[in-house]
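Have the sequence and the model open as you read.

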Amino acid sequence: HPPPVATDGEEQKRLLENRPDQPQEPKVLRIAVIGAPNAGKSTLSNQLLGRKVFPVSKKVHTTRCKARGVITHEDTQLIILDTPGLTNPLKAKRHNLDEAMLTDPWDSMKHADLVLVLVDVSDHWTRNSLSKEVLKCLSQFPHIPSVLVLNKVDILKKKFLLLEIVADLTEGIVNGKKLEVKSAFKQDSSSSAKSPLQITQASPPESKVPGSPCGQEKNQAQEGSGLDRSSDVGGAGTGEAQGPKHYGPEDLKDMKGWPHFQEIFMLAALRGEEVDTLKRYLLMQAKPGPWEFHSNVLTNQSPQEICDNIIREKVLEYLPLEVPYGVTQVTDIWEEGKCGELLIVQSLLVPRESHKRMLIGRGGKVISRIAREAGQDLMNAFLCDVRLKLKVEVK
């Protein structure tokens, strides 16, 4: 089980400063998770970690800073760099986002050994091409191996569309080899979308990487998957292809996808489907190197930051568009109660009386729902009882 986050800021600080308790031959992998705002990056990061430490909400730009998640498994440490959605200066201005939101994803890329590019396949406006920002990011760091993750596959009614999406997002090439796409759908109605997609590569079968989702795990995934899909597109050889060339702005203009992905995964992060297959793959990609954190560390965020982010997530979730971005949070009380429970009292300061009414809701319904749900999430992160009280005031 993943370790809980310390409820005491000083204790968390000590943990972060502790020397890593690494084994004799440690392995490490730093993973940047990038994608358009709201593709599900934080949801996927939380599922990989096994505890909720990153805020998630349907509204864009819930993730405001680059936080790290740490998975320690036997001799391997995975460090997840959960980044704000890649956006451009114009949109950043519209959402009143600070400068860091534009630079943080780029910053994470500089430290990454592997990039996960997350695409929300349920969004029919954006699913057939990578955003210009994502392509720009990949083209700036062509030497860093990248993996395509198709998220929210469970929401996609017409599973055969995945073939088209894969072809578009990879420009028809995965791991230096051309994709041969065959559809194995039966036409009769009884099979609906249960029959598998087959996406194979024009390459000799014996060159499969052991443990890659295209190798022996394919059949297990086929049986055990709650998704209506059979196999991921696997990396065939060990990358005999030449390294990616450098792309200039002119090249990117006509590109919809990225022809240098090493693997493709299809999953439903919210339901946790197929997340383990991805996690196994990530553990296998780790290279020898020193751990960065003690094995008891789950995130580099302070307990206070986790608390603020989770409350903010709920405020974003339940209030109309422009309101949440103007809320200021002030923690009045953070202490341990008589029975070891954590007592938190936080004031939410809003600029207008009308915002205060919205946040409280009729009969206090909205604010009590926010407090209840945030309290449950905090229990999950800290693994102790949490009593959370929220007050709303006009600043």
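This is a predicted model: local features need pLDDT of at least 70, side-chain atom pairs count only at pLDDT 80 or more; totals for chains, interfaces and linings use all residues.

Where is the place of T43? T43 sits in helix 2, which covers residues 41-49.

## Ground rules

Residues are numbered from 1 along each chain as its sequence is written, and side-chain values use heavy atoms, with hydrogens and water left out.

Helices (H or I, at least four residues) and strands (E, at least two) are DSSP runs, numbered from the N terminus.

Setting aside residues up to four places away in sequence, T43 touches V56, A269 and L270 (contact means heavy atoms within 4.5 Å).

The axes of helix 2 and helix 9 come within 10 Å and cross at roughly 75° (axes are lines fitted to C-alpha atoms, for helices over the stretch in contact, and angles run from 0 to 180 degrees between N-to-C directions). That makes helix 2 roughly perpendicular to helix 9 (angles under 35 degrees count as roughly parallel, over 145 as roughly antiparallel, 65 to 115 as roughly perpendicular and the rest as oblique). Helix 2 brings L44, Q47 and L48 to this contact, while helix 9 brings V275, L278, K279 and L282. By class, the residues in the contact of helix 2 with helix 9 split into five nonpolar, one polar and one charged (Ala, Val, Leu, Ile, Met, Phe, Trp, Tyr, Cys and Pro count as nonpolar, Asp, Glu, Lys and Arg as charged, and the others, Gly among them, as polar).

L118 belongs to strand 4, residues 114-120. With 3% relative accessibility, L118 counts as buried. Leaving out residues up to four places away in sequence, L118 touches I34, G35, A36, A39, G40, K41, L44, V149 and N151. L44 also turns up in the contact of helix 2 with helix 9. L118 and V147 are 29 residues apart in sequence, and their C-alpha atoms are 8.7 Å apart in space.

F293 is in the loop between strand 10 (287-288) and helix 10. F293 has 9% relative accessibility and therefore counts as buried. Apart from neighbours within four places in sequence, F293 is in contact with L16, P20, R68, V70, Q77, I79 and N300. One of these, I79, is 214 residues from F293 along the chain, with 9.0 Å between the two C-alpha atoms.

## What packs on helix 12?

Helix 12 (residues 365-382) has helix 11 (residues 353-360) packed against it at an angle of about 60°, with the axes 4 Å apart. That makes helix 11 oblique to helix 12. M358, L359 and I360 of helix 11 meet K365, V366, I367 and I370 of helix 12. This contact of helix 11 with helix 12 has six nonpolar, no polar and one charged residues.

Helix 10 (residues 303-318) comes within 9 Å of helix 12, axis to axis, and the two cross at roughly 145°. Residues of helix 10 in this contact include P303, I306, I310 and Y318, which meet a set in helix 12 that includes V366, I370, A374 and F382. By class, the contact of helix 10 with helix 12 has 13 nonpolar, no polar and five charged residues.

## Loops with positive phi

Most residues other than glycine have a negative phi. E171 has a positive phi, near 55°, and lies in the loop between helix 6 (161-170) and strand 6 (173-174). E171 is partly exposed, with a relative accessible area of 36%.

E274 has a positive phi too, near 70°. At 12% relative accessibility, E274 counts as buried.

## The whole chain

The protein chain has twelve helices and 13 strands. Of its 395 residues, 51% count as buried. Among contacts between residues at least 6 apart in sequence, 73% join residues at least 24 apart.

How values were computed:
Buried means under 20% relative accessible area, exposed over 50%, partly exposed in between (1.4 Å probe, protein chains only).
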